[in-house]
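Biologist: Could you walk me through reading helix packing and aromatic pairs in a model like this one?

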Amino acid sequence: MRPNVTTIQPNNILDGVTGAVFRQEVAAAVEAGADIVLVDCQDISFMDSSGLGALVLALKFMRAAERQLVLCSLNQQVKTLFQLTEIAQVFQIYDNRQHFEQSGLLGS
């Protein structure tokens, strides 16, 4: 059986204010039955530490619900933030949606 995937695509800035909205979107996706939440970061122009915190809290929430949170399409600023904080290894990160779809997570 294929898992139910919900894609969330934040845009512009992911910070304390937009991070709260993002976390609500993740919770709503789980409530609607998502097994995997794919966060497509291609439209994020800037992320600060609060935005990073929102991603970490969302990941913890998903793990507690025995679901998966995966990321794709990180821009250079977000990649740099992940490298500086050494948080990249905590997340499943794909180059883009196509690589996620080819990853095997979706089953057959």
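Modeller: Gladly; we will take the helices and then the rings. This is a predicted model, where local features need pLDDT of at least 70, side-chain atom pairs count only at pLDDT 80 or more, and totals for chains, interfaces and linings use all residues. Residues are numbered from 1 along each chain as its sequence is written, and side-chain values use heavy atoms, with hydrogens and water left out.

Biologist: At what angle do helix H1 and helix H2 pack?

Modeller: Two packed helices are described by the angle between their axes and the distance between the axes. Here H1 (residues 16–31) and H2 (residues 49–64) pack at about 15°, their axes 8 Å apart. That makes H1 roughly parallel to H2 (angles under 35 degrees).

Biologist: Which residues of H1 and H2 make the contact?

Modeller: Contact means heavy atoms within 4.5 Å. H1 brings residues including Phe22, Val26 and Val30, while H2 brings, among them, Leu55, Ala58 and Phe61. By class, the contact has ten nonpolar, four polar and one charged residues.

Biologist: And how many aromatic pairs are there?

Modeller: A pair of aromatic rings is described by the distance of the centres and the angle of the planes. Rings pair if their centres lie within 6.5 Å; planes under 30 degrees apart count as stacked, over 60 as edge-to-face and the rest as tilted. The count comes to two. Phe82 and Phe91 have ring centres 5.6 Å apart and planes at 45°, so this pair is tilted. Tyr94 and Phe100 are edge-to-face, at 5.7 Å centre to centre and 70° between the planes.

Biologist: Is Tyr94 buried or exposed?

Modeller: Tyr94 counts as buried at 16% relative accessibility (buried means under 20% relative accessible area, with a 1.4 Å probe and protein chains only). Phe100 is buried at 2%, and Phe82 and Phe91 are buried too.

Key:
Axes are lines fitted to C-alpha atoms, for helices over the stretch in contact, and angles run from 0 to 180 degrees between N-to-C directions. Helices (H or I, at least four residues) and strands (E, at least two) are DSSP runs, numbered from the N terminus. Angles under 35 degrees count as roughly parallel, over 145 as roughly antiparallel, 65 to 115 as roughly perpendicular and the rest as oblique. Ala, Val, Leu, Ile, Met, Phe, Trp, Tyr, Cys and Pro count as nonpolar, Asp, Glu, Lys and Arg as charged, and the others, Gly among them, as polar. Rings of Phe, Tyr and Trp (its six-membered ring) pair if their centres lie within 6.5 Å; planes under 30 degrees apart count as stacked, over 60 as edge-to-face and the rest as tilted. Buried means under 20% relative accessible area, exposed over 50%, partly exposed in between (1.4 Å probe, protein chains only).
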